[in-house]
Amino acid sequence: MKRIFAQCVKEIAQFRRDRLTLALAFLLPFITLVIFGFAIRLESKDIPLIVQDFNHTNLSSSYIERLYGTNQFVPKQWFGGNPTRDAIDKGIAKAAVIIPPEFSRDIQAGRSTNVQVLIDATDVNNARVIKNSIQRVTTFFMQEHGLIPTTNSITARMRLWFNPGRLESLYIVPGVYGVVLWIFPSLLSAIAMVREKEKGTILQVYTSSISATELLLGKGLAYLLIAIVETLIVMVLGSIIFQVGIVGNPITLLLGTLLFLTDSVLFGLLLGVRSSNQNAAVQGVSLVGFMTSLLLSGFIYPLNNIPFPLSLLPNVIPARYYIDITRDAFVRGTGFAGVWFDLLMLAVLGLVFFNVSRRALSRMQLPS
């Protein structure tokens, strides 16, 4: 234990002397939190829409007002050429609605009429949102003017649980914690390990009496303490800026965070052991750590949308389990009953990272 603590103290002393590393540890996580928290929005708003009205009656004007009254569409004007086709082709509008000349006459005569809707489906998700929104507006418009029955034998009364206000920050910010706390602790520990190789000081370690286990535990403990400070800064600022507070059992969040930070540090040490220079270590964290935690953890995209066999990868990504824990702690609040498996998987993955790093480092050491 004395050798482990001595290694830990030495790592913290080196960390404090490097201003660039200090900024990497405490400033960049906060910047990432702010950028992701404010910039990522999954709900489509202010969609540019063009309406070409060939009817010019009060009825068609009322329909247009309903379209823009959703606050989801913003009107776009287009002069020259075909306003619907050319505006969509050039990206000025994402959708166009064409009201025919016989719109009001057919409705008043009890005949069906067609309203043409053109949608830019370059972004499939956005196109689906536009389609559903226009369909809902059309249905409401027909009910409002008595064109279809307003009463049904079955009425679905819906209630949104956990996030009734549909605040995207409650979904995004807990996920950002998982991405940020996976990238930066692993990056710091990877750089610290590979720096020993570049400076040649790793040879002193190899020839000393310290074992691979003691070296990993000493370095890991130092950067785990640093990661805990990072976590406190990020979560406190995130709670203040985005008004996201703990609603469930804080013990599951504390335990899950400790396990996840341990996994992150051990993953960085593993990359540091395997890398020959800092550039390789940084690229490894960026490619393996950042890309997987961002795209294959459920942070933005649902995991059940990932096709086989790529869908197997999230099972070995710690950020996937930690994001479940944070979203439970900050949104659902179910406690151990809902996240016990996530805690177990974080512990298992941490042991795997440690054993692989220890074996790799043991083979590099000189025999005593």
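Biologist: What share of the contacts with a separation of 6 or more comes from residues 24 or more positions apart?

Modeller: Happy to start there, with the reminder that this is a predicted model. The protein chain has 13 helices and four strands. Among its contacts with a separation of 6 or more, the part made by residues 24 or more positions apart is 79%.

Biologist: Let's turn to charged pairs. Which residue meets Asp120 in a salt bridge?

Modeller: A search of the whole structure finds two salt bridges. The one with Asp120 has an N to O distance of 3.7 Å. It links distant parts of the chain, 26 residues apart: Asp120 lies in the loop between β4 (116-119) and α6 (124-144), and its partner in the loop between α4 (83-89) and β3 (95-99).

Biologist: Why are Asp328 and Arg332 separated by about one helical turn?

Modeller: The side chains of Asp328 and Arg332 meet in a salt bridge, at 3.6 Å from N to O. Asp328 is buried, with 1% relative accessible area, and Arg332 is partly exposed at 35% relative accessibility. They are separated by about one helical turn because they are four residues apart in helix α12 (residues 318-332).

Biologist: Now the surface, please. What is the accessible area of the nonpolar patch that includes Trp340?

Modeller: Trp340 belongs to helix α13, residues 336-364. With 52% relative accessibility, Trp340 counts as exposed. Trp340 forms the patch with Phe341, Leu344, Val348, Val352 and Val356, and together their accessible area is about 530 Å².

Biologist: One more: what percentage of the accessible surface of the protein chain belongs to carbon and sulfur atoms?

Modeller: Of the 368 residues in the chain, 45% count as buried. The accessible surface of the protein chain comes to about 19,800 Å². The part belonging to carbon and sulfur atoms is 61%.

Methods:
Residues are numbered from 1 along each chain as its sequence is written. This is a predicted model: local features need pLDDT of at least 70, side-chain atom pairs count only at pLDDT 80 or more; totals for chains, interfaces and linings use all residues. Side-chain values use heavy atoms; hydrogens and water are left out. Patches are made of residues with over 30% relative accessible area and no salt bridge: like charges are joined within 9 Å, nonpolar side chains (Val, Leu, Ile, Met, Phe, Trp, Tyr) within 5 Å. Accessible areas come from the Shrake-Rupley method with a 1.4 Å probe; for residues, only the protein chains shown count as cover. A salt bridge is a side-chain nitrogen of Lys or Arg within 4 Å of a carboxyl oxygen of Asp or Glu. Helices (H or I, at least four residues) and strands (E, at least two) are DSSP runs, numbered from the N terminus. Buried means under 20% relative accessible area, exposed over 50%, partly exposed in between (1.4 Å probe, protein chains only). Contact means heavy atoms within 4.5 Å.
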